[in-house]
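Reader: Hi! Could you walk me through this model?
Author: Happy to, let's look at it together.

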Amino acid sequence: MARRPLIAGNWKMNGLSAALAEIEALGEAVRSGYDDVDIVICPPATLLMAATEVGEAAGIDTGGQDCHAKPSGAHTGDVSADMLADAGAAWVIVGHSERRRDHGETDAIVRAKADAAGRAGLAAIICVGETQAERDAGAALAVVGRQLAGSIPSDPKSGSWAIAYEPVWAIGTGRTPTLQEIQDIHQAMRRELAALGAPASHVRLLYGGSVNPSNAREILALPDVDGALVGGASLKAGDFLKIIQARAR
Ligand code: PGA
């Protein structure tokens, strides 16, 4: 099953308007010759509309970093999936571990957000991943399995969505699991998704956590890894471009 590679950048709470120049520079570099890979930048919500305009001509899609489960209403500070779509986003990240940690997001909340994304016509990148303590306890697979079961869309056959496996201890730390561990957990996730009734051979599974220009090639070459969710290394066009160029297929 050929799955189109997906390389997504998560800018987190980084980027003032000057950062749009990075998207422009990336656009110049990928304008031709990258038709076989989906390239997505998820800037802060404040830059979404402008980022979409800058990225559009070069085929760079944009995404939100979170959405509310409801389309509108009295939820100060929140942004709905419909608003992201209206601003030009095609994607939204849901359930990132920083949201789960900072905002107490449970699997049920993440699922509601993934459902909202689908209703708004956005593709969701649903994040899962174990903490260091869970890994040390030998529970990584169990935790990820539970998160998948609780967080994927209510109708797993509907809409377009991807999974990002991001071990919490690997995010922003420069540490990554071994290649064998990454492949094993992605393979296990695909099995789990099939058991949950999802179209597992089509769902793209991304690895995230300290992906950089030096380790991207070997990670992206793993058979069950269909792309990457990149934090720090997505902030500079040059680094992100190298990761895009490292895609295996
Ligand atoms: P990192 O972040 O690449 O900076 O480790 C990845 C993420 O949190 O999505």
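Reader: Let me start with two tyrosines: are Tyr165 and Tyr207 buried or exposed?
Author: Both Tyr165 and Tyr207 are buried, where buried means under 20% relative accessible area with a 1.4 Å probe, protein chains only. This is a predicted model, so local features need pLDDT of at least 70 and side-chain atom pairs count only at pLDDT 80 or more, while totals for chains, interfaces and linings use all residues. Residues are numbered from 1 along each chain as its sequence is written, and side-chain values use heavy atoms, leaving out hydrogens and water.

Reader: Thanks! How many aromatic pairs does the structure hold?
Author: One; rings of Phe, Tyr and Trp (its six-membered ring) pair if their centres lie within 6.5 Å.

Reader: And why does that pair count as tilted?
Author: The ring centres of Tyr165 and Tyr207 are 6.3 Å apart and the planes sit at 55°, so the pair is tilted (under 30 degrees is stacked, over 60 edge-to-face, the rest tilted). Tyr165 belongs to strand β6 (residues 161-165) and Tyr207 to strand β7 (residues 204-208), so the pair ties together parts 42 residues apart in sequence. Strands here are DSSP runs (E, at least two residues), numbered from the N terminus.

Reader: Switching to the ligand: which residues come nearest?
Author: Of the 13 residues around the ligand, Lys12, His96, Glu166, Gly172 and Ser210 do; near means a heavy atom within 4 Å.

Reader: What does the side chain of His96 do there?
Author: One of its N or O atoms is 2.7 Å from an oxygen atom of the ligand. A backbone N or O atom of Gly231 is 2.8 Å from a ligand oxygen, and for Gly232 that distance is 2.9 Å.

Note on methods:
A polar contact is a pair of N or O atoms within 3.5 Å; within protein, one must be able to donate a hydrogen and the other to accept it, and residues adjacent in sequence count only if both atoms are side-chain atoms. Helices (H or I, at least four residues) and strands (E, at least two) are DSSP runs, numbered from the N terminus. Buried means under 20% relative accessible area, exposed over 50%, partly exposed in between (1.4 Å probe, protein chains only).
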